[in-house]
Amino acid sequence: HVDESRITGEILPVSKNVGDRVTGGSVNGEGLVRVNTTAVGTETTLARIIRMVESAQAAKAPIQRIVDQVSAVFVPVVLVVALATFAGWMLVSGNWEESLINAVAVLVIACPCALGLATPTAIMAGTGIAARQGILIKDAEALELAHSVTAVAFDKTGTLTEGKPALVAYEALDGLGSSEVLRISAALQKTSDHPLAHAVIEMATQRGVAIPEAGEAKALPGRGIQGTVEDQRYLLGSGRLLQELGISSSGVLADRATRLASEGRTVSWLVRQDAVTTKLLGLLAFGDTIKPASYQAVARLHKLGIKTVMLTGDNLGSAHAVAKELGIDEVRAELLPGDKASIVQELRNQGYIVAMVGDGLNDAPSLVAADVGLSMSTGTDVAMEAAGITLMRGDPRLVADSFDVSRRTYAKIKQGLFWAFAYNVLGIPLAALGMLNPVVAGAAMAFSSVSVVTNALLLRRWRGAATL
């Protein structure tokens, strides 16, 4: 069994047989494995993912700031108005001193300090308060874009779910209690380092089950484990183990196993064996559990009118089960890293402003391909490097909080620009008509800057829903 979670995001161990492909960066879970290397250096899976990230970064156009567009027109216009003021007063009064004072008053009242402060002060205030709430915004571009997001693509494992195998169900055949199935299974798994073994031990501990000692424990590679518990021989393993033992599951237990498998659960079977008979005792089902905060996160995004999409390397049954429970609009499963980036680009081509939320190495290309990339700090360093926003807690509610702080910051930018222009629209005509001297114009200009900065600092009162 191989742990491929660093590459594919799939948290359950993947069974490998002779001739199967394995990927550098995955972890051998048990036994000795001999591999034939078919790609090294720049041709490895990791290297190809890095190239996809670099390609997406190179192709991404920088955002054009509103202030840059306005300043390109505003500054020349003010200079023309100041020259026209000087020329007009010279024609009317012929007093060059008075004409110069009025022209200077125009330049002073129109000094674009407030215009230049509106954007950076709002961004500084927004990023500062966001960091206090657990949202690390690495660049202003991500903050400016996040307010306009219309679709969010989520990775599943580690983002919407806990990201580790858990025992989600255990049942017994008639005549044996389910707690007994858990007790015996825990005894067998106590000697194993397999991720599913940890899940069984954790459940038994939570339920206060006294775990007996198992003797003669032995791993059955690719099939399960066997051992002796209280002088009885037991085996715990996959459906393949049942086939080798010549046992067929039927009845209620078989129907239950079919339903669990359709939901993407991994099913293990507990068998008791003696010199004469081999009897099926029960089953255990493993899967990833949904984070409690994921329900609120998806609901908040829908309330904001944002489309939700799940992109995952997990199997289709598991993906659909999680998406149905959370109410996610669209599901794409069994994806490779490049597939995720292609789907993000597809959504962008459909006119959506796309945010991608992920935590794994396999999410890096799609994080960069999206308009806004958000990574969980509980994930890999590569994902955090690729994303413009890092969520410092593994709480998906911070996604909606990121959009909220972006919207409020963008609103403060627009308010700051409005007040800056309001002062200018009112002050420039008064200065041109000689109704303001440069001293008063300077005071008004300073007051406009103070008001813009004060308005931006009101962002410090913002609190995210994830912290309430």
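Trainee: Which helix gives the most to the nonpolar patch?

Mentor: Happy to start there. This is a predicted model, in which local features need pLDDT of at least 70, side-chain atom pairs count only at pLDDT 80 or more, and totals for chains, interfaces and linings use all residues. Residues are numbered from 1 along each chain as its sequence is written, and side-chain values use heavy atoms, leaving out hydrogens and water. With helices (H or I, at least four residues) and strands (E, at least two) taken as DSSP runs numbered from the N terminus, the helix that gives the most, with three residues, is H4 (residues 96-109).

Trainee: How much accessible area does the nonpolar patch have together?

Mentor: A patch joins residues with over 30% relative accessible area and no salt bridge: like charges within 9 Å, nonpolar side chains (Val, Leu, Ile, Met, Phe, Trp, Tyr) within 5 Å. Areas come from the Shrake-Rupley method with a 1.4 Å probe, and for residues only the protein chains shown count as cover. Here Phe86, Trp96, Leu100 and Val104 form the patch on the surface, and together they have about 370 Å².

Trainee: Is valine 104 buried, partly exposed or exposed?

Mentor: Valine 104 lies in helix H4. Buried means under 20% relative accessible area, exposed over 50%, and partly exposed in between (1.4 Å probe, protein chains only). Because its value is 33%, valine 104 is partly exposed.

Trainee: How many salt bridges does the count come to?

Mentor: A salt bridge puts a side-chain nitrogen of Lys or Arg within 4 Å of a carboxyl oxygen of Asp or Glu. By this rule, the count is 14.

Trainee: Which residues do salt bridges that share partners join into one network?

Mentor: Lysine 307 meets glutamate 330 at 2.9 Å, N to O; this pair links strand E11 (residues 307-311) with strand E12 (residues 330-332), 23 residues apart. Glutamate 330 also meets arginine 332, at 3.0 Å. Arginine 332 in turn meets glutamate 346 at 3.1 Å, linking strand E12 to helix H13 (residues 337-349). The network's members are Lys307, Glu330, Arg332 and Glu346.

Trainee: How far apart are the end C-alpha atoms of helix H16?

Mentor: The expected span of a helix is 1.5 Å times one less than its number of residues. Helix H16 (residues 397-432) has 36 residues, so it should span 52 Å, and this agrees with the end-to-end distance in the model, 53 Å.
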